[in-house]
Structures are given as structure tokens and as C-alpha cells.
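Trainee: I have a structure open and I'd like to learn how to read it. Can we go through a few features together?

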Amino acid sequence: MTSPTPDALLGPADIRELAAALGVRPTKQRGQNFVIDANTVRRIVRTAEVRPDDVVVEVGPGLGSLTLALLEAANRVTAVEIDDVLAAALPATVAARMPQRADRFALVHCDAMRVTELPGPAPTALVANLPYNVAVPVLLHMLETFPSIERSLVMVQAEVADRLAAPPGSKVYGVPSVKANWYAEVKRSGAIGRSVFWPAPNVDSGLVSLVRRDGPPRTTATRREVFAVVDAAFAQRRKTLRAALAGWAGSAAAAEAALVAAGVSPQARGESLTVEEFARIAEHKQSEEPEPSEEPVA
């Protein structure tokens with residue numbers, strides 16, 4: 001592998017100069033906060049344990065700070081960018097600053113929530129500074145759509161990082177925690193200060209590591225069915241599961257029957273359950289009796 005030049009990564013002055021040339025100002029609408037510190041992006045790549053044979057997908061590359069650091073370490077990098085100006089400029093930035101690796105870079109100009117396929121080999125890792133306003137849905141979409149992703153490291157708002165990595169019983173354990181656990185073992189992997197971003201956000205950031213499970217929990221229920229139970233349980237998280245799942249099951253009595261059959265106390269609350277327990281509940285939902293079909297008109 002050809003060694004990158006020492007100044008290949010973007011520093012604060014490079015970021016501002018590039019943004020000015022493109023007429024770019026980070027927007028709150030898209031949750032854009034650009035990383036301006038080369039040491040931070042190299043730390044992210046190290047923490048992600050990116051290997052020379054990895055095919056990395058990056059969501060929201062922005063001006064390319066993390067992209068260039070990923071290209072130093074990975075076999076290939078595919079970046080998914082929704083912003084028209086940023087998407088148009090990124091290939092030129094890669095070609096100018098890391099020409100020896102430019103042929104290993106691909107750009108997909110698209111909303112990450114709509115991506116269903118990527119060019120080249122299947123991705124093995126996801127590494128991204130996710131826009132704060134869509135971090136969880138984008139992460140879950142990528143994990144669902146690309147089962148070849150074995151490892152992920154995402155930088156998100158610290159509060160979101162806490163939720164994603166929370167264990168059952170934690171006050172911040174909720175829908176993101178359970179759904180992320182459907183796909184992966186999740187843990188916090190560090191904190192990121194505000195000063196490494198431009199503009200500096202009003203919140204702290206955290207790194208979350210996700211290592212893909214061998215498969216989802218063993219269950220006869222589908223992912224959609226399990227996630228429906230999760231959504232219902234936390235929509236009214238202060239209520240007991242018997243009450244919170246009444247709408248999902250059709251009645252409180254039906255919810256209780258499903259819970260008892262699954263070996264879960266009807267008086268428990270969603271924040272105490274593992275993803276496996278949610279799956280067992282989903283398995284025991286009683287299907288409604290089909291309405292009798294009308295007799296054909298003679």
C-alpha cells in the first residue's frame with residue numbers, strides 16, 4: 001500500500017478554505033457539523049479497527065475529513081452524501097489530496113435512508129459521523145439493508161450514544177437500545193469534545209461501537225413484528241406492559257395472555273426487557289379470527 005502524504009488529511013484551515021470555495025455553510029437542517037481535527041478522525045479510524053481488507057461505507061462525509069482517514073486504512077471507501085454541493089466536490093478533494101487511493105473511493109449521491117445498494121464489493125464496516133437529527137434511523141436502516149456490515153463505529157450526540165448502548169433496566173434504555181441490539185452487540189467507545197467540530201455543536205458527542213451478531217435472536221416472529229412490540233412498549237413506557245401493549249394486542253386481556261405465554265410478567269415495564277424477551281412476546285400475539293367471507297352474488 002502506498003503511504004499517504006503527511007498533509008493528506010484536512011485541518012481547520014483546509015476545511016474553512018474548502019467550504020469558502022464551495023460557498024458552503026453547515027446547516028442545522030441536515031445536522032451538519034464538520035470535523036476539523038485530523039487527530040480525531042485518525043482516532044475514530046483506530047477505534048473502528050479498520051483493516052486493510054475492509055470495504056467501508058461512510059454516511060454523511062461532508063467535506064471529506066473522515067473519508068481521507070478511512071482511505072488511509074481501508075481497502076475501499078464508499079461515501080453516501082445527500083448534499084448536492086458536497087457530493088459534487090468530494091471526489092475532487094480525494095483526487096487532489098490522496099491521488100494514489102482515489103481509485104478506491106466511490107461516492108453515492110443519495111439520501112442514506114433510501115440507499116438499497118452500493119457499488120463495488122459488499123461493505124464490511126460502517127464508520128460515520130452521523131447527522132444528529134437522523135442518526136438512529138440511518139444506523140438501523142444501514143444495518144438492516146447491508147447484512148455484510150460486520151462492524152460499525154458511529155459518532156452521534158452523546159445522549160443518543162447513551163441510549164444506543166444502554167442495557168435493560170437503565171433509565172435511558174428504550175427503542176434505539178432494543179432495535180440496535182437486534183442486530184449487534186453495542187457499547188460506548190469514547191467521547192468527542194465540541195472543539196473538534198465546525199461549527200462547534202451545543203452538545204457533546206460520543207462514539208458507539210456495534211459488532212454484528214451471528215444472526216438476529218432466534219424467533220419465529222419477523223423483525224417487523226418484534227419491532228412493533230418494542231414501539232408499543234415504549235410509547236407508554238411508564239405503564240405496565242399489560243396496559244402499554246393493549247393496543248398492539250387488541251385488548252389488555254390479550255396483551256396479558258401474550259405476556260404470560262412468553263414468560264414475562266404483565267406488571268413489568270418495557271425498560272426491563274431484553275430484545276429476546278420482546279421477540280418471545282411477538283411470537284405469542286393471538287391472531288384475530290378472520291371475518292367470514294361474503295357469499296358470491298348469484
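This is a predicted model: local features need pLDDT of at least 70, side-chain atom pairs count only at pLDDT 80 or more; totals for chains, interfaces and linings use all residues.

Trainee: Which residues does A191 touch, not counting residues up to four places away in sequence?

Mentor: Leaving out those neighbours, A191 is in contact with R43, S205 and G206. A191 sits in strand β7; helices (H or I, at least four residues) and strands (E, at least two) are DSSP runs, numbered from the N terminus.

Trainee: Is T93 buried or exposed?

Mentor: Here's the scale: buried means under 20% relative accessible area, exposed over 50%, and partly exposed in between (1.4 Å probe, protein chains only). T93 has a relative accessible area of 10%, so it is buried. A191, at 49%, is partly exposed. T93 is part of helix α4 (residues 84-97), and it touches L18 and L63, not counting residues up to four places away in sequence.

Trainee: Why is helix α7 largely enclosed by the rest of the structure?

Mentor: Because eight of the nine residues of α7 (residues 175-183) are buried. Among them are P176, V178 and W182.

Trainee: What do the buried residues of α7 pack against?

Mentor: Their partners include the helices α5 (135-145) and α6 (158-165), plus the strands β7 (184-192) and β9 (205-212).

Technical notes
Residues are numbered from 1 along each chain as its sequence is written. Side-chain values use heavy atoms; hydrogens and water are left out. Contact means heavy atoms within 4.5 Å.
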